[in-house]
Amino acid sequence: MGGERSGVRGNKMAAAEPSPRRVGFVGAGRMAGAIAQGLIRAGKVEAQHILASAPTDRNLCHFQALGCRTTHSNQEVLQSCLLVIFATKPHVLPAVLAEVAPVVTTEHILVSVAAGVSLSTLEELLPPNTRVLRVLPNLPCVVQEGAIVMARGRHVGSSETRLLQHLLEACGRCEEVPEAYVDIHTGLSGSGVAFVCAFSEALAEGAVKMGMPSSLAHRIAAQTLLGTAKMLLHEGQHPAQLRSDVCTPGGTTIYGLHALEQGGLRAATMSAVEAATCRAKELSRK
């Protein structure tokens, strides 16, 4: 297997005709690996049809373990794949786009997962009429339960958007939104993972305080969040309706909810999303 992969770094992939069945990754970090793994597990793309590039082998190991092809040449990815996902650090992306621009064509669909880099900036850095989309995934993509939003550039049509959405649904729930919502998504769902973890931790610690072993409490708290989320998504209920269904007059839940209201949970959570969104907007301007 090692010999086959080293052969890919030669001119075989570079000489291959680009195919819509092939998906390329420029940047091979954790999020890129999670998306690739989701595509393969869902059967949407075969591992041998994924080509990933990175400066060193350190991040490429995960792609190699999945059976994907790898290279150190970013241009090679563009020459071999029509759909390319750029998963580099935001401050590195402009230089990477300048490097690959000479081999970009109007047939390519280029997808950026770099936070804070706007569609207008992407379009300015690439040849005229390049089809560009922004995608913002969150960490649960690594277990194929991500919340993903995407925004299309000026030259992207509905067919390209549907194709990308179809592929990304392998990693969780994918919604198309106006670009203005991307920073809000960062506050709600990107940072929201940490907010939910903080709540899960507090929920479990309440049980520990009342005498339950810690490991058991944390497992039950996490399962409670998982089950509640599934009910909200599968049944399409508003959270207020499900909350009301759990409450009985004079019962345990309404007493607990009263304590949460006294602690300012609702206002604190809204403020957390607002603060994270504002910070995302600040970083985008920089």
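This report walks through a predicted protein model, from its overall layout down to a few single residues.

**Ground rules**

Because the model is predicted, local features need pLDDT of at least 70 and side-chain atom pairs count only at pLDDT 80 or more, while totals for chains, interfaces and linings use all residues. Residues are numbered from 1 along each chain as its sequence is written, and side-chain values use heavy atoms, with hydrogens and water left out.

**The big picture**

Let's start with the whole protein. The C-alpha trace spans about 70 × 40 × 30 Å along its principal axes. You'll find 13 helices and eight strands in the protein; these are DSSP runs numbered from the N terminus, with helices (H or I) having at least four residues and strands (E) at least two. Of the 286 residues, 38% count as buried. Here, buried means under 20% relative accessible area, exposed means over 50%, and partly exposed is in between (1.4 Å probe, protein chains only).

The domain assignment gives domain 1 (23-177) and domain 2 (185-284), with bounds that come from an automatic or database domain assignment. Their centres, taken over C-alpha atoms, are separated by 32 Å. Where the two domains meet, eight residues of domain 1 are in contact with seven residues of domain 2; contact means heavy atoms within 4.5 Å. What about contacts in the protein between residues at least 6 apart in sequence? Of these, 62% join residues at least 24 apart.

**Helix H13**

How well does the span of H13 fit expectation? Its 21 residues (265-285) should span 30 Å at 1.5 Å a residue, and the end C-alpha atoms are 31 Å apart, which agrees. The expected span is 1.5 Å times one less than the number of residues.

Which residues of H13 are buried? They are Ala276, Thr277 and Ala280. These residues cover an arc of only 100° around the axis, so they sit on the same side of H13; the arc is that of the directions from the helix axis to the C-beta atoms. Helix H8 (182-190) and helix H9 (192-209) are among what covers the buried residues of H13. On the face turned away from the buried side, H13 carries the exposed residues Glu274 and Arg285.

| Residue | Relative accessibility | Class |
|---|---|---|
| Asn74 | 12% | buried |
| Ser112 | 3% | buried |
| Glu169 | 42% | partly exposed |

Asn74 lies in helix H4 (residues 74-80). UniProt lists Asn74 for "binding site" in an unreviewed entry, and such annotations may be inferred rather than shown by experiment. Leaving aside neighbours within four places in sequence, Asn74 is in contact with Val26, Ser53, Val96, Glu99 and Val100. With Ser53, the link is a side-chain to side-chain polar contact of 2.7 Å. A polar contact is a pair of N or O atoms within 3.5 Å; within protein, one must be able to donate a hydrogen and the other to accept it, and residues adjacent in sequence count only if both atoms are side-chain atoms.

Ser112 has its place in strand S5 (residues 109-112). Not counting residues up to four places away in sequence, Ser112 touches Phe86, Leu93, Leu122, Leu133, Arg134 and Val135. A polar atom of the Ser112 side chain also lies 3.2 Å from the backbone nitrogen of Ala114.

Finally, Glu169 lies in the loop between helix H7 (158-168) and strand S8 (172-176). Glu169 and Ile148 are 21 residues apart along the chain, and their C-alpha atoms are separated by 8.5 Å.
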